[in-house]
Structures are given as structure tokens and as C-alpha cells.
Amino acid sequence: MLRFRARLAIFAVLGSTLLVSSCNILETLQPPDDKAIVSEVQAKLFEDPVLKTRDIRVTAEKGVVTLAGTVATELEKTAVERFASRAKGVKQVVSQLAVVPTTATAAPPSAPETPAPVAATAPAPAERPRTTRRRERVAARPTPAVEPTAAPETAAAPAPGPAPATRAGEAQAAAPAPPAVRQPEHVTIPAGTVITVRMIDRIDSSQHRPGEEFAATVDAPVVVDDRVVIRRGADARVRLVESRSAGRMTGRSELQVELVGLAIGAQSYSVESGMVEKVGASRGKRTAETVGGGAALGALIGAIAGKGKGAAIGGAIGAGAGTAVQAATKGEQVQIPPETKLDFTLKSPLTLTL
């Protein structure tokens, strides 16, 4: 009798353990974001000093990227295709790029401009020979006998006077002009643009509350009109909008976050974006599966051990064991760990001052 009870207890514990360990989290598959794919590929191309000068057009549909335009060499074509294939969410790359070698252009038309500084500085040394000749002419004049030598010397004394002024003028002409002040430029990122960020802080449904903000960085450059306006690595702020923690018997954990801020250079901008949701497994469904599975396993063990009459007793014991295990364990919590990538879609245009 004691051996029978020991076996029954062992079977109940093993059954409960198997039921608890067999619960898996199902994650839904999201379709690829074509706008994010195009933005990431264009950003990679514009980071390359050679490829950004080529006529390359990028389109995407359901994860299939199409490349069109012209490049100069087969090596450039291979590099563009490699950039496209490495973008997140890309399933296939269709290359329609044409290789058109560029002709070498003669760049040194600026060489003839080098004599210009010589011509600009040529008049300056001519002043001294002219003054010297004037002095020689004054000294060569025949002087009367009345000793007027002091007068020519006095008259000739002011002659060297203009020299300092001439040098000052030369120094002023040689001084570089002050650089022109660059006017600020305004660029607008349209609504619907996808901004991908990488989390720095951890978000946990069991610890954090709505309204808290967390640090992140921009993971992929943002391109507007063939120009990178937000570089990778720019600081970003993510706010927790909704946080729900699953109970012991029912409910499920849930996190909802949104992008609320970007820091570009010395400027900070407020952002209005859509929400990204992270949801855990349903606690109520898991409770039903655990309790029901425990009853079925208990009935099976009772029928085997008691030759049929112990099925009811085994079922009650199994259901009780399943309920006890479920009540003793807390619901699955949802986390967004560091280094997680999140894609936010702008709900309204964002104007930047560059």
C-alpha cells in the first residue's frame, strides 16, 4: 500500500512538472516594413563616398528589393547588391543596375589661375624703384650758389612717408576675408517615416510604470530627399505608455511604448509616433491547460495504478496538483531588454533645423 502511494505521488509530481515545462510562448510574425527597408538601404548608399554620387533607385515590396539605375563598375554593382541584401527584413534582391563606365574628366582648369597672386603682388615692389629714381633726379639737379640744399632735403624727407601706408594696404589686402555665416536650414521628415531605435535601458512589466522614460539610440540613418538628416547613433527617448502584469490565475503581461524625443547635435526635438506593443502569453488559457492537463494525467495514472477504480481519485489529485502549481507560480512577465530594436512610425511631420 505504501509503495502504491509513493508511486502515485511520484507520477503526480512528474505529470505536473511536464505540464509546466511544456508551455511555450508563441510570437506572431510581422510582415517586413518596406519603408524601413528602403530607408536603411538608401542610408547605407549615402554613407559611401562613391556610391552616393551614382544614379541608384531603391524600391521594396513585401521584402523584395529592386535596384535600378547606373553604376561605373561591376565592383560598385556588387557593393550595392550586398548593402541591399543585408538590410533588415529583406527576402530577395532584384538587381536591374546597368554598368556604364565613366570617362575621365580633366580636372586641372584651375592651374592657369596660379599666376593671379603674382600679378596681384607685382605692383607693390615697383614703388621703391620709383622713389629711388625720384631721389636720384633731385640729387642730380644743378644747385644754385645760394646753398638751397636744405630745401631739397626737406622736400625729399616726406617722400618715404607713403611707404608705411602702402605696406598697411598690402597687409590689409593679403588678410583673408572672414568666412561667410551659414544660414540655418529647415528640413521636414514626413509623417509615416519609420525611425528604428536600439534600446539602452531595460523595460520590465513587473518593475516599471507608465510615464517612465528610457534611453535609446537611432539604429539606422533617416534619409530625406537623398540626404541623411538623422545619423545613426543619435540619442533617443522612449516612454512607457501601458504596463500590465499577469496575475497568478488570469490575465497576461503587456508593454506599450512610444518614441517621444530625439537629440540631433545640440538640438532636442519632441516626437509624436505610433506605439509598439509587446504582449506575453495569456495566463487564463495557461491555467485551464495546466488544471485540465493535470486532471487528465491524474486520471490516467489512477486508472493504471488502481485498475480503473482509481481514475476519479487520480483525476481529482491531478487537477488539484495543476491548480496548486499554477497558483504558486506568477504569470509570465514581459521585458524589452537592452539592444532590442524597435521600429516607430511618425504620426506627424518632424521639422529639423540643420
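Strand β15 has a covered face, formed by L342 and F344, and an uncovered one, formed by K341, D343 and T345; strands here are DSSP runs of E with at least two residues, and helices are runs of H or I with at least four residues, both numbered from the N terminus. This is a predicted model, in which local features need pLDDT of at least 70 and side-chain atom pairs count only at pLDDT 80 or more, whereas totals for chains, interfaces and linings use all residues. Residues are numbered from 1 along each chain as its sequence is written, and side-chain values use heavy atoms, with hydrogens and water left out.

β5 and β15 pair in the antiparallel sense over 5 bridges, where pairing requires that DSSP finds at least two bridges between two strands. Within this pairing, T196 has D343 of β15 as its bridge partner, and R198 has K341 of β15. β5 also pairs with β7 in the antiparallel sense, over 3 bridges, and there the bridge partner of R198 is T217. Because 5 of the 6 residues of β5 are buried, this strand is largely enclosed by the rest of the structure; buried means under 20% relative accessible area, exposed over 50%, and partly exposed in between, with a 1.4 Å probe and protein chains only.

## The largest nonpolar core

The largest nonpolar core holds 31 residues, and I189, V197 and I230 touch the most other members. Such a core is a set of buried Ala, Val, Leu, Ile, Met, Phe, Trp, Tyr and Cys residues joined through side-chain atoms within 4.5 Å. Elements giving two or more residues to this core include β4 (186-189), β5 (194-199), β7 (213-218), β11 (254-264) and β15 (341-345), and the largest share, 5 residues, comes from β11.

I189 lies in strand β4 and is buried, with a relative accessible area of 0%. Leaving aside neighbours within four places in sequence, I189 is in contact (heavy atoms within 4.5 Å) with V222, V224, V229, I230, L346, P349, L350 and L352. The C-alpha atoms of I189 and I230 are separated by 9.8 Å, the two residues being 41 residues apart along the chain. I230 in turn touches I189, V218, P221, V222, L262, I264 and L352, not counting residues up to four places away in sequence. Apart from this core lies another, of 16 residues, among them V38, V65, V90 and L97.

An open sheet of 3 strands has the order β1-β2-β3, with mixed pairing. β1 (55-61) and β3 (92-99) stand at the edges, each with a single partner strand, so one side of each is left without a neighbour in the sheet. Neighbouring strands of this sheet are turned by 10° against each other on average, direction ignored; axes are lines fitted to C-alpha atoms, for helices over the stretch in contact, and angles run from 0 to 180 degrees between N-to-C directions.

β1 pairs with β2 (residues 64-71) in the antiparallel sense over 7 bridges, and the bridge partner of D55 in β2 is T70. Helix α2 (residues 34-47) packs on the sheet, touching β1 and β2, and its direction makes about 160° with that of β1. Helix α3 (residues 74-85) lies across β1, β2 and β3, running at about 160° to β3.
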